[in-house]
Each structure stands twice: as C-alpha cells, then as structure tokens.
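Please read the report below alongside the sequence and the coordinates. Topics run from the assembly down to single residues.

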Protein chains: 2
Amino acid sequence: MNVFIVGVGLIGGSMAKDIKVNNPNAVIYGIDTNEKHIEEALSIKLIDKKASYDDLSIADIVIISVPVDVMVFELPKVLDVVNDDAVVLDAGSTKALICNAVASHPKRRNFLACHPIAGTEFSGPSAAINDLFRGKTNIICEVEKTAFKLQERALTVFQKLGMRIRYMNPEAHDKHIAYVSHLSHISSFMLGKTVIEKEKNERDIFDMAGSGFESTVRLAKSSPAMWTPIFKQNKANVVETLDEYIQNLKAFKQMLLEDDFEGIYNEMNSTNRIKEILNGIPLNKK
Amino acid sequence: MNVFIVGVGLIGGSMAKDIKVNNPNAVIYGIDTNEKHIEEALSIKLIDKKASYDDLSIADIVIISVPVDVMVFELPKVLDVVNDDAVVLDAGSTKALICNAVASHPKRRNFLACHPIAGTEFSGPSAAINDLFRGKTNIICEVEKTAFKLQERALTVFQKLGMRIRYMNPEAHDKHIAYVSHLSHISSFMLGKTVIEKEKNERDIFDMAGSGFESTVRLAKSSPAMWTPIFKQNKANVVETLDEYIQNLKAFKQMLLEDDFEGIYNEMNSTNRIKEILNGIPLNKK
C-alpha cells in the first residue's frame with residue numbers, strides 16, 4: 001500500500017505513524033514544500049521516501065494535511081494526478097470552502113472530506129505522535145459524493161486509528177465547529193494577550209500563574225500559520241460566536257458593577273453543567 | 001502537633017493529607033459547618049477528630065480554608081480563641097480584605113496571610129489529594145506582621161509540602177492574581193455558557209469538541225460558592241482585567257470584519273510567546 005502524506009506535520013505525521021504500525025508493509029511517501037520538514041521526517045523515520053506530485057499516480061491513499069488556504073489550491077491539483085483507484089483525504093478544520101473547491105472536479109468521487117478532531121498545540125514533524133486519533137471524532141462531509149469502495153478503504157484506516165465517525169454537511173460542520181473549537185482558540189489567544197500586555201514589565205508575576213491559567217491559555221501556543229486561514233475561511237461563523245461571547249462577558253461585567261452577586265452565582269452554577277457535557281468528550285491528552 | 005483544619009475541602013484536606021505524611025504523630029482536627037463533609041473526612045481518614053472552636057486553644061497550627069467571604073468573619077474569631085503560641089494560616093485567593101479584617105486584632109502576630117496557588121476544578125473532602133502543593137507557589141503577604149518563630153513553623157510546613165514562597169503586599173497580590181487567575185475563570189465560564197446556550201438543543205454537537213475545548217473550558221467546572229465571593233472581594237481589579245479582555249476580543253473581531261488577516265496573524269504570533277512564559281510555570285496537573 002502506497003500512502004502519500006502531503007504536508008508532513010502534526011496531523012499528517014501522526015496518521016503516518018499509526019498507519020505504519022497497522023500496515024507494516026505500507027510505504028509512506030512525504031510531500032512538503034518545506035525541505036527541512038522532509039529531512040526531519042526522513043531522519044525520524046516518519047516517512048520512508050521523499051516524493052513529489054509526479055509520484056502521486058502510484059498512490060493508494062493520499063492524506064492532505066496543509067493549512068486550509070493551501071488546501072483549496074492543492075486538493076484539486078492532487079486529484080488531477082491521482083489514479084482512478086486512489087482515495088484522497090483531507091484533514092481541514094473547515095469544510096465548506098474545501099468541498100466547494102472540488103465540487104465539480106472530474107475526480108470528485110476520489111475525494112473524502114474529513115475533519116479528524118485531534119491535535120495538540122504543537123506543530124511540525126517532530127510533534128507527530130502515535131495514537132493521537134484513538135477515541136477521537138472524525139467528521140466526514142458529503143460522504144455520498146465519494147465512490148463506495150474508496151469510502152470503505154478510508155473507513156478501514158480510520159477504524160484502525162481508533163476514530164469514531166460522524167457524518168455532517170459542510171455548512172453544519174463549519175457552524176458548530178466555530179463554537180466548540182474556533183472560539184476556544186480566540187478566547188485563549190486573547191487571554192494570553194491581555195495578560196502578557198499587562199504584565200510585560202513584571203515577568204515575576206507569572207510565578208503566580210497556576211495550572212488553571214496554563215490550561216485556559218494552552219491554545220494560545222497554536223500555530224498562527226494554521227489558524228489564520230481557518231478564521232478567514234470560517235469568518236461569518238466565527239464573528240457570530242465572538243459576538244455572543246463578548247455579549248456574555250459584558251453581561252457578566254455588568255452584574256459585577258451592579259453588585260449582582262446572586263446573578264453571578266447563578267450564571268456560574270448553570271454553566272457547571274459543562275461537567276456532564278465534558279464527560280462525553282473522549283480525551284486523549286498528552 | 002495539633003493541626004486544625006477549618007473548612008475540610010480540597011485545599012484544607014490536601015494540606016492535611018501531606019502534613020500527616022510528613023508528621024505521622026500529628027493529630028488532625030477538622031472543623032466544618034457542613035456535617036456531611038466532617039463525616040466524609042472522618043470516614044476517609046482525612047482528619048482524625050471532629051472539633052469545634054472550643055477546642056482551638058490546644059492548636060499548634062490552624063489552617064483556615066473557607067470561601068473568602070466566610071474567611072473575613074471566621075479568621076478574627078479563630079484568632080480570639082487560639083493560644084499565644086499558635087500560628088493561624090489562611091488559604092484565601094484574595095488578600096487585601098482578609099488582611100484588613102485582622103489588621104488591628106490583638107493576636108495579629110499569630111496570623112500568616114497565605115495564598116497557596118494550587119487546586120483542581122473539584123471540591124469537597126473527597127477531592128483532597130496528596131502532593132497537590134509540590135512545586136507550586138505560595139504567596140505570603142505582610143510577613144513582617146507575623147511573629148518570627150510562628151513564621152518559621154509555617155515555613156517548615158510549606159517547605160515539606162514542596163512549595164516555593166513569594167512575598168508580596170496584599171494589594172499587589174490582588175491586582176496581579178486578577179490577571180493570572182480570576183480572569184481565566186471568567187473567560188472559561190463565559191466560553192462554557194456561550195457554547196451551552198447555542199448548542200442546547202443539539203447535544204450531539206459536543207461530539208465535535210476536542211481536547212482543546214475541554215482544556216479551555218475546564219475552569220467552568222469550578223465551584224460558584226468559592227468563586228462568587230472572590231469576584232466580590234476583588235471586584236475593582238476583576239472589572240479592569242475584564243475590560244481589557246473585552247477590548248482585545250473586540251479588536252480581534254474588528255480585524256476579522258476588515259479582513260485584516262495579516263493583523264490577525266501578527267496578533268497570534270506575538271501571543272505565541274506565552275510558550276516560553278508557561279515553561280516557567282511549575283505544573284503538577286492531575
């Protein structure tokens with residue numbers, strides 16, 4: 001089995017690692033515009049061979065894990081050159097524009113639109129880890145547009161990675177993921193910014209920060225190169241979530257100013273329900 | 001050594017556990033208005049005996065770990081009845097009003113104002129764990145107002161718990177802790193609220209939430225009974241941090257609306273510095 005990883009970073013690299021464990025005979029080819037990443041991936045044996053688009057005709061599976069703004073240009077090019085029996089998967093955090101980019105591509109049936117919801121705040125080949133996807137959710141969009149036997153091949157891979165599958169349309173995916181993922185990143189980045197700005201002259205202050213701050217601000221370590229295009233592609237949904245978040249913060253501040261501490265108690269008490277909700281989230285934290 | 005824990009929950013209970021390990025001959029007395037907590041603490045051997053304020057005259061060390069609004073009333077009463085050689089410690093997340101409450105107390109020299117910056121999002125006696133404080137920071141305020149030999153006794157306890165000590169004045173503590181702790185809790189509670197409100201009719205959506213959301217929203221599991229009085233006592237500082245946070249979120253939204261994605265990239269890129277800052281934070285996560 002010839003597996004091509006286009007974009008050898010955290011996501012593509014972690015998939016490569018598990019696929020190699022599950023299929024010892026698989027040959028993993030890496031394609032990346034970043035020559036250092038290719039060298040690094042070869043040296044840590046994340047990939048077996050360096051490759052280019054010219055080699056894609058021998059691919060059985062192609063996993064494209066590049067920033068979503070690059071994805072909309074590269075995905076059609078990959079489809080152009082793969083053979084009729086190859087399945088091409090993406091791993092983008094947005095789905096509408098990506099699905100749209102290949103909606104009328106002659107090889108649309110070779111593509112399966114995926115969003116494996118997994119990751120860490122780290123990036124690059126050295127961030128790749130085994131079992132990143134075990135117990136995690138993989139959202140598949142427009143499954144009916146993919147050739148049946150290619151769906152099957154992809155689902156076998158995902159099953160061995162330990163993922164559970166959910167099917168959605170691209171618009172619903174982008175709307176809901178804005179709440180449960182994109183907004184978290186913005187809230188975390190802005191929290192980091194607020195504290196760094198205030199305390200820039202008082203580095204000692206971070207001695208006061210406990211694991212609560214660390215947890216809340218963890219996503220502010222994420223890659224701007226990955227996240228800027230996500231916010232761009234999902235702008236309308238992200239702005240909506242951000243509006244609601246800002247309104248809630250303003251209402252909380254207003255209660256503070258009015259000494260409405262009963263209201264503040266009730267607000268926090270009803271949000272405590274997040275405990276039961278989170279118990280349903282499969283976690284696989286490192 | 002007679003150790004009294006007033007408020008047998010996560011913090012007091014965790015201290016009791018470690019003190020018992022470090023001093024096997026210590027007798028741990030528990031005082032709590034919640035009879036169920038006392039029974040639970042006895043049954044899991046967190047405390048050796050149930051006690052009342054009448055027993056405090058035999059105390060060598062008293063650790064008061066109750067919500068900060070209760071603290072300002074109970075701390076003076078505890079000082080009223082301890083003997084001249086007892087050291088009384090608090091564990092409050094605010095310091096100015098607590099220090100103020102005993103500023104002119106005749107036994108002020110028996111009190112050491114502390115904020116051990118440690119915890120989890122859980123509460124109650126069953127949440128108590130060993131080694132919660134190892135590697136964590138303990139802020140001590142107005143150390144000069146405590147009798148020298150009582151400072152020494154307290155520091156020996158903290159040293160055995162594995163804490164590092166920082167000295168600050170109460171006002172500086174309250175100002176900076178608003179940034180590195182109180183604001184994180186509000187950002188997390190409001191994130192939880194925003195997502196729950198939006199998705200209340202679509203519980204399946206939480207299948208889409210990954211570990212990033214879980215991490216960012218973790219503090220929204222915290223106890224409203226503990227946090228409402230903290231926000232009340234530190235209102236001025238908390239409102240200031242919240243104002244700056246809301247301004248930063250609005251500026252981010254504005255950049256989105258104006259398609260200023262270079263600005264968004266730069267914003268996230270400069271906040272990535274939080275990585276190095278966080279590397280300085282001692283973590284002891286469960």
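This is a predicted model: local features need pLDDT of at least 70, side-chain atom pairs count only at pLDDT 80 or more; totals for chains, interfaces and linings use all residues.

## The interface

Chain A and chain B bury about 9100 Å² between them, and 69% of that area is on carbon and sulfur atoms. The contact takes 89 residues from chain A and 89 residues from chain B. Because 100% of the interface residues of chain A are also interface residues in chain B, the copies meet through the same surface.

Polar contacts link 26 residue pairs across the interface of chain A and chain B, with both residues at pLDDT 80 or more. The elements of chain A that each supply at least two residues to the side touching chain B include the strands β7 (137–141) and β8 (164–168), and the helices α6 (170–198), α7 (211–216), α8 (224–233), α9 (235–257), α10 (261–271) and α11 (274–279). Of these, α6(A) gives the most to that side, with 21 residues. By residue class, the side of chain A that touches chain B divides into 43 nonpolar, 21 polar and 25 charged residues.

Salt bridges also cross between the chains: there are 10 across the interface of chain A and chain B. One of them joins E240(B) to K198(A), with the closest N and O atoms 3.1 Å apart.

## Salt bridges over all chains

Side chains of opposite charge can pair when their charged atoms come close. Over all chains the count comes to 36 salt bridges. In chain A, the side chains of D48(A) and K20(A) meet in a salt bridge at 2.8 Å, N to O. D48(A) lies in the loop between α2 (35–43) and β3 (49–50) and K20(A) lies in helix α1 of chain A, so the pair ties together parts that are 28 residues apart in sequence. Both partners are partly exposed: D48(A) has a relative accessible area of 34%, and K20(A) has one of 29%.

A second pair in chain A is D131(A) with R134(A), whose side chains meet in a salt bridge at 2.8 Å, N to O. D131(A) is partly exposed at a relative accessible area of 31%, and R134(A) counts as partly exposed at 42% relative accessibility.

In chain B, R153(B) and D85(B) form a salt bridge through their side chains (3.1 Å, N to O). Since R153(B) lies in helix α5 of chain B and D85(B) in the loop between α3 (68–81) and β5 (87–90), the pair ties together parts that are 68 residues apart in sequence. R153(B) counts as partly exposed at 21% relative accessibility, and D85(B) is partly exposed with a relative accessible area of 29%. Salt bridges that share partners also join E121(A), E214(A), R218(A) and K221(A) into one network.

S14(A) is found in helix α1 (residues 10–22) of chain A. Is this residue, S14(A), buried or exposed? S14(A) is buried, with a relative accessible area of 0%.

The side chain of S14(A) reaches two backbone atoms: the oxygen of L10(A) at 2.6 Å, and the nitrogen of I129(A) at 3.0 Å. Leaving aside neighbours within four places in sequence, S14(A) is in contact with G9(A), A128(A), I129(A), L132(A) and F133(A).

## Positive phi angles in chain B

Most residues other than glycine have a negative phi. D131(B) has a positive phi of about 65 degrees although it is not a glycine. D131(B) sits in the loop between β6 (111–116) and β7 (137–141) of chain B, and at 31% relative accessibility it counts as partly exposed.

E142(B), also not a glycine, has a positive phi of about 50 degrees. The loop that holds E142(B) runs between β7 and α5 (148–161) of chain B. E142(B) counts as buried because its relative accessibility, 15%, is under 20%.

Key. Residues are numbered from 1 along each chain as its sequence is written. Chains are lettered from A and ligands numbered from 1 in the order in which they are written. Side-chain values use heavy atoms; hydrogens and water are left out. Helices (H or I, at least four residues) and strands (E, at least two) are DSSP runs, numbered from the N terminus. Buried means under 20% relative accessible area, exposed over 50%, partly exposed in between (1.4 Å probe, protein chains only). Contact means heavy atoms within 4.5 Å. Buried area is the accessible area (1.4 Å probe) that two parts lose on being put together, summed over both. A salt bridge is a side-chain nitrogen of Lys or Arg within 4 Å of a carboxyl oxygen of Asp or Glu. A polar contact is a pair of N or O atoms within 3.5 Å; within protein, one must be able to donate a hydrogen and the other to accept it, and residues adjacent in sequence count only if both atoms are side-chain atoms. Ala, Val, Leu, Ile, Met, Phe, Trp, Tyr, Cys and Pro count as nonpolar, Asp, Glu, Lys and Arg as charged, and the others, Gly among them, as polar.
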